[in-house]
Amino acid sequence: MKNNSKNLNKKYILQIIEKYQTPLWIYDSNIIKDRILQLKKFDSIRFAQKACSNIHILKFMKENNVKVDAVSEGEIERAIYAGYNPEKDIVFTSDLFESNKLIKKIVSLNITVNIGSINMLEQLGKLSLGHKIWLRINPKFGYGHNEKTNTGGENSKHGIWNIQKSLYYIKKYKFKLVGIHMHIGSGINFNNLKKVCKKMIETIFNFKQKIKFISTGGGLSIPYKLNEKKFNVDNFFNIWDKTRKKISQYIGNPIKLEIEPGRFLVAESGILVSKVRSIKKMGKKKYTLVNVGFNELIRPVLYSSYHHISIIKRNKEKSKKMEKTIIGGPLCESGDIFTQTKKKMISHRLLPKLDIGDYVIFHDTGAYGASMSSNYNSRPLIPEILIENKKFRIIRKRQTFKEMLMLEKI
């Protein structure tokens, strides 16, 4: 097993499988708690709930003094249902308001908005004079572990490009500017980080506005592969802390430092458990097909992302014999392959010899796993299980076909 957790062990996993059957998601709350503690130097931790939006995970975050970011009306509803105070704990981040109904809800609940476009300033200002806002600034360069996760520069839709134009609307509508947010993409490169911090300083010096916070954004990486180093949180904090101190000195008041992680807090806490249902030879290639598809875990297909795979033998000890095999799912799609690489859609892994009925575990799926899953091929959503205080409980039941079809019964 990859995960360094006493809870995510063979004994617990088999007990959970026996009770709830495969496929299913499992999370370990101890890992989430540990990642929260690693960020304790920051003045404020705000969970990017898009990574894992289950309301029980949100409740756990709240119990551990983590605030929340919402990027949709649905995420606002989830956060409120989980017990978050809309005015004090929630920030809504977007590059647009999807509807006037959404703006009215935000205004009525007095939710702070992290503004990503000039149009949002106009639309919000007309309905709510003096509303509390952040500004998400596009620093005109970006970075990401994949081009689809780059959130800066002209190849990204995110953030405000014309900072001075935003100042006009801030004055016109008397917005209360809380802070500046600058995030260039997922996967931190420290050379790029120093450029971001330099740009943050230049922006605030030129902007000449009193603020209380700066946000580092998120994007903190985790070691998906066994030989990868853990992210250096202390180095990340120190670079931002120096930036904060320079800005505080210039503005003349203390600046608080907020961090907005998603993946870092939850990715390593989660595993996806599947079962081998078919093994077949196609020419020289061997395919092992399991009962989860990219409708459950889309990251390998969408980003060519790597997830460590381990095996639990169902009826015998782990085989010492290793073999090359392609791991695929049941979807009617040639691309339903979990062992993809950036160069090859059909790639293999070297794994212990597999038999029908063995369990295949996909690691580090706590982020962008269940939250990105779908009903594609009319497959019901699978259950989520949380291990907490040495006990496990279901936090999302397995969807039935009846539940899946209910919205279509007019």
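This report describes local features of a predicted model, from helix faces to aromatic pairs and nonpolar cores.

## Basis of the description

The model is predicted, so local features need pLDDT of at least 70 and side-chain atom pairs count only at pLDDT 80 or more, while totals for chains, interfaces and linings use all residues. Residues are numbered from 1 along each chain as its sequence is written, and side-chain values use heavy atoms, with hydrogens and water left out.

Helices (H or I, at least four residues) and strands (E, at least two) are DSSP runs, numbered from the N terminus. Buried denotes under 20% relative accessible area, exposed over 50%, and partly exposed in between, with a 1.4 Å probe and protein chains only.

## Helix α2 and its surroundings

Helix α2 spans residues 29–38, and its buried residues are Ser29, Ile31, Ile32, Arg35 and Ile36. Viewed down the axis of α2, these residues fall within an arc of 160 degrees, so they line one face of the helix. The arc is taken from the directions between the helix axis and the C-beta atoms. The elements that cover the buried residues of α2 include β1 (24–28), β2 (44–48), α3 (55–63), α11 (263–266) and β16 (384–388), where contact means heavy atoms within 4.5 Å.

At the start of α2, a side-chain oxygen of Asp28 comes to within 3.0 Å of the backbone nitrogen of Asn30. A polar contact is a pair of N or O atoms within 3.5 Å; within protein, one must be able to donate a hydrogen and the other to accept it, and residues adjacent in sequence count only if both atoms are side-chain atoms.

## Helix α8

In helix α8 (residues 163–172), the buried residues are Ile163, Ser166, Leu167, Tyr169 and Ile170. They cover an arc of only 170 degrees around the axis, which puts them on the same side of α8. Their cover includes α7 (118–127), β6 (132–136), β7 (176–181) and α9 (190–207). Just after α8, Lys174 takes a positive phi of about 55 degrees.

## Backbone geometry in loops

Most residues other than glycine have a negative phi, and most peptide bonds are trans. Thr22 and Pro23 are joined by a cis peptide bond, with omega about -5 degrees. Pro23 belongs to the loop between α1 (10–20) and β1.

Ser304 has a positive phi, near 60 degrees, and is located in the loop between α12 (299–303) and β12 (309–312). With 21% relative accessibility, Ser304 is partly exposed. Tyr368 also has a phi near 60 degrees and lies in the loop between β15 (359–363) and β16. Tyr368 is buried, at 16% relative accessibility.

## Aromatic pairs and a charge over a ring

The whole structure contains 13 aromatic pairs. Rings of Phe, Tyr and Trp (its six-membered ring) pair if their centres lie within 6.5 Å; planes under 30 degrees apart count as stacked, over 60 as edge-to-face and the rest as tilted. Phe42 and Phe237 form an edge-to-face pair, at 5.1 Å centre to centre and 85 degrees between the planes. This pair links distant parts of the chain, 195 residues apart: Phe42 is in the loop between α2 and β2, and Phe237 is in helix α10 (residues 233–251). Phe42 is buried at 5% relative accessible area, and Phe237 is buried at 9%.

The ring centres of Phe92 and Phe97 are 6.2 Å apart and their planes are at 10 degrees, so this pair is stacked. Phe92 is buried at 1% relative accessibility, and Phe97 is buried at 8%. Ring pairs also link Phe42, Phe231, Phe236 and Phe237 into a cluster. Lys225 lies over the face of Tyr306, 5.1 Å from the ring centre; the criterion is NZ of Lys or CZ of Arg within 6 Å of the ring centre and within 35 degrees of the ring normal.

## Nonpolar cores

A nonpolar core is a set of buried Ala, Val, Leu, Ile, Met, Phe, Trp, Tyr and Cys residues joined through side-chain atoms within 4.5 Å. The largest has 94 residues, of which Met61, Leu135, Val266 and Phe362 touch the most other members. Leaving aside residues up to four places away in sequence, Val266 touches Ile32, Phe47, Ala51, Cys52, Ile57, Met61, Gly366 and Ala367. A second, separate core of 16 residues includes Leu8, Ile26, Ile31 and Ile271.

## An exposed isoleucine

Ile356 is situated in the loop between β14 (349–352) and β15, and is exposed, with a relative accessible area of 51%. Not counting residues up to four places away in sequence, Ile356 touches Val276, Arg277, Ser278 and Ile279. The C-alpha atoms of Ile356 and Val290 are separated by 9.3 Å, with the two residues 66 apart along the chain.
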